[in-house]
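Biologist: Could you take me through one part of this model in detail, the open sheet and the pocket beside it? I would like the cut-offs along the way, please.

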Amino acid sequence: PHGKKTQRKSYVPLSPTQNAVSFSLYKMTLPEDRLLNDSDVIYLDDPRLNLLYSITAKVDKTLKFEDVKFFCELEFGEKVRLLVYDHKGDNVEDCTITAVASF
């Protein structure tokens, strides 16, 4: 649906020594008559997956580890965008975006 967003989900670093967190957007190619089910398990080495881009956000080391949190959501429009927000809900500014393929 054009202009719609998914529900925001929160993510935290795995350890206090982690300096950055990466989020990636993949596109899966399926036959026209095939849909995914909630019970389907997909692994990153699945050849049907194509990495579109990754966002690597730096962890704010001025925060206590338990306060570090990121939020992600997808926005649908002419293109699908992966949006990443910091613990305050602001767009992540201190990040690197790596585009792998166009979509």
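Modeller: Happy to! The open sheet has 3 strands in the order β1-β4-β5, with antiparallel pairing. At its edges stand β1 and β5 (80-85), each with a single partner strand, so one side of each has no neighbour in the sheet. Strands are DSSP runs of E with at least two residues, numbered from the N terminus, and two of them pair if DSSP finds at least two bridges between them. On average, neighbouring strands here are turned by 30° against each other, direction ignored.

A word on the source: this is a predicted model, where local features need pLDDT of at least 70 and side-chain atom pairs count only at pLDDT 80 or more, while totals for chains, interfaces and linings use all residues. Residues are numbered from 1 along each chain as its sequence is written, and side-chain values use heavy atoms, leaving out hydrogens and water.

Back to the strands: β1 and β4 are joined by 3 bridges, and K9 has C72 in β4 as its bridge partner. Strand β4 also holds E73, which counts as buried at 7% relative accessibility (buried means under 20%, with a 1.4 Å probe and protein chains only). The E73 side chain makes a polar contact with the side chain of Y85 at 2.7 Å, the term being used for a donor and acceptor pair of N or O atoms within 3.5 Å.

K9, C72 and E73 are also among the residues lining the second largest pocket. Two or more lining residues come from each of β1 (9-11), β2 (20-28) and β4 (70-76).

Definitions and conventions: On a 1 Å grid over the protein atoms alone, a cavity is a set of points where a 1.4 Å probe fits but cannot get out, and a pocket is an open set with protein on both sides within 12 Å along at least five of seven lines; lining residues have an atom within 4 Å of a point. Helices (H or I, at least four residues) and strands (E, at least two) are DSSP runs, numbered from the N terminus. Axes are lines fitted to C-alpha atoms, for helices over the stretch in contact, and angles run from 0 to 180 degrees between N-to-C directions. Buried means under 20% relative accessible area, exposed over 50%, partly exposed in between (1.4 Å probe, protein chains only).
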